[in-house]
Amino acid sequence: MWRRRIGKALRLMFPPRPLRRYARLIAKRGAFDVRFYRREHKDLHWSCRLWARHHYVTWGEKMGLRPRADFAPEEYLRLNPDVAGSGIPPLMHYLTSGQGEGRSGQPRYATRPLPSCPLPRLRFDPGRPKARFALHAHIYYPDLWPEFATRFDEIGDGIDLYITLTWRGEETRWLADEITERFPRAFVTPVPNRGRDILPFLLLANAGAFDGYDALCKIHTKKSPHRDDGDQWRRHLIDGVLPATGLQERLQHFLADDAAAFWVADGQAYAARDWWGINRDKTAAVLRRVELDPLLDALRFPAGSIYWMKPLMLGMIKALDLDAPMFEPEKGQVDGTLAHAVERAIGGLALAAGQEIRETAALMRPRRAGHSGAPALRAPSFVSAFYLPQFHPIAENDAWWGPGFTEWRGVVDAASAFPGHLQPLRPADLGYYDLRATEVMGDQAALARGAGIDAFCVYHYWFGGRRVLEQPLDRLLARPEIDFPFYLCWANESWRRNWDGLSGEVLLDQSYAPGFEAALVASTLPYMRDPRYQRPDGRRPRFVIYRPEDMPAPEQNIARMRRAWAEAGIGPVELGAVSFHVAGKNAVDPTLFDFWVEMPPHGLVKGEDFLFGGSAGNRMGAAAPAPGFAGLIYDYRAIAARSLTPQYRDRLPPNTIAGIMPSWDNTARRGPRAHIAHGATPASFRNWLRGLCGGPLSQSYRGELFINAWNEWAEKAMLEPSTRFGRLYLDVLSETTALREQHHDDRTSAHG
């Protein structure tokens, strides 16, 4: 007996060479789920559970044991008689040829066909009264409704309920009536049996149901028939996020936890690399829709699809732009559907934002000040954003580009260059505005003010006495009732046909004739005398020069400009310059200016950051642009990380205002020769912004922040709302600038 046991143990640990090769194959292909195997086959000897993969290839497959949730060896042999007669192990056949041939080995579950119903056409009034929190419950199993109803009674009235019901015919109508009678304020709608709990959630989210809430809970009637512990798992998932007592306290902990994007029950934050099943490729495709597929293998996700989320995550899920036709028809699949991929992909959205999936126990763990693992965040003292006054026709652009030209033309026509490329990106709240309508500038200022932006740094186009694009500001001077805080940046580059200011045919040359300084200063006086012109230090009007190195004699030129402002009665001017990445004609002493402006991406992008077009060639694999693309694609997250390093910041001029960009992609201007920051999203922007506020901002000039830009749509460097991301960029910024009020309140409390 003992000899047989020893022999069996040795065979388990050291199977024959063909079986070892088979074990390596299924490991390499991610076809064996160790946790699933151990959980589903609990009656196995401890040694078999320890050497689970070896047990499967040696005995388990012949016993009909499943290696993972979505593959049943007996079902594969039943569906494929030719394999049954060949003697080839079913999983081996599937991996080596069956998968490529489209064969299926998914286990069968008894599911009766459900009647069809149309998708609901939903619209929600954004101004309707709302509670602080919302809860979406999807009811697929009607018999579980009493359990859920009891839970909703326990949590009380402080949460708005949204309930979707899988349509089963008349019984669903009766259930809807019962729910409405018990919870009169709940929103209830039937939905077709498609996309599991994910599509019903998206139908509501995309229609704006959850906009404006501080946090949102998503639950569903989960039975998991492929698991022996399905009911127990569901109760654990829901108990973790909807406790019978203490929910409000937990919610406050969740909202106060800056690093938390999702809140799940204990043990439900899974590392995707251990739980891919057959979902990896589809998950990559989902993340590619917002250029975040490089994060694929590092993400964790909330298992079971039951969790609380914050508004940024809701907005990023909406930005995936998924709709009903993309979801597979329901056939009882246990894995491999778009719904399974979305379940995993949302972890990548959290990772992009520099946030985590927080489990209940960790959420409630006391956090002492200064011991959270992250540096304390500093709010910027003053926030500026570059502003482009280009969006109206002018004679020069009519002559060069065609009648009626503005850069909206390129924005509309921008073409996607690679799979998932976020182009075109179109305006939302403000539409394709014309800046000759001065009211637009008031609307822009209201949005900016709500996000904590203090001033627009407006480009001043002055070419040796010739002004262009001056109409918006000149019209503003005649409308004193429009609150538009601004100051000027002299955009002293020549205009060139290739839009980079450095090469190509010159369309409008920047000249520096003797005496240009006094004439330039004279052009600024009407604006500096306007009460809306900004003085960030409380005394001096501010003026910025884009390319000081292009001036013929910078020190003398600047001295003459300062003298001209003084003689005009303006007095001292706070003078700044952009820290540009290309050396100009004449060196400039860093101390010549009161401050410098860091302007990403200038000076940040290095060779190792390029994903396509750099010295390493194509690092994007199959997701690279098609032949004919001659531009450059670099990693937004990599340059964001570089901007926070001492090595980079030490090379900046003294008195530099820390800068950041929400995105960069000039496809609208340069087409297939574009330079593109891959992976720029509101989530990635948040991560960069938090990094700045947790460190480099403390060394920034006067603690200020400069953003490139407010409305550079043709370079996709803008904070203005878009149809893809809504107001997420502004929301992310306001989350940070709101720290000013918090710090003010803290100081007030400290001084009694």
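Is aspartate 321 buried, partly exposed or exposed, and what is its relative accessible area? The structure is a predicted model, in which local features need pLDDT of at least 70 and side-chain atom pairs count only at pLDDT 80 or more, while totals for chains, interfaces and linings use all residues. Residues are numbered from 1 along each chain as its sequence is written, and side-chain values use heavy atoms, with hydrogens and water left out.

Aspartate 321 is partly exposed, with a relative accessible area of 45%, where buried means under 20%, exposed over 50% and partly exposed in between (1.4 Å probe, protein chains only). Aspartate 321 lies in the loop between α15 (311–319) and α16 (338–352), helices being DSSP runs of H or I with at least four residues and strands runs of E with at least two, numbered from the N terminus. Its phi is near 60°, a positive value in a residue other than glycine. Most residues other than glycine have a negative phi, and most peptide bonds are trans. Arginine 702, in the loop between α27 (682–693) and β23, likewise has a positive phi, near 55°, and is partly exposed at 35% relative accessibility.

Cis peptide bonds are found in two further loops. One joins proline 600 and proline 601, with omega about 10°, and proline 601 is placed between β18 (595–598) and β19 (610–612). The other runs from asparagine 708 to alanine 709, with omega near 15°, and alanine 709 is in the loop between β23 (705–707) and β24 (711–712).

Helix α23 (residues 554–567) has 14 residues and reaches 20 Å from its first C-alpha to its last, close to the 20 Å expected at 1.5 Å a residue, the expected span being 1.5 Å times one less than the number of residues. Its buried residues are Pro554, Asn557, Ile558, Met561, Ala564 and Trp565. These cover an arc of only 125° around the axis, which puts them on the same side of α23; the arc is that of the directions from the helix axis to the C-beta atoms. Just after α23, glycine 569 takes a positive phi of about 90°.

An open sheet of mixed pairing is formed by 7 strands in the order β3-β2-β1-β4-β8-β5-β9, two strands being paired if DSSP finds at least two bridges between them. At the edges stand β3 (187–191) and β9 (356–359), each with a single partner strand, so one side of each is left without a neighbour in the sheet. Strands β1 (residues 133–139) and β4 (residues 215–220) run parallel and are joined by 6 bridges, and phenylalanine 133 has alanine 215 in β4 as its bridge partner.
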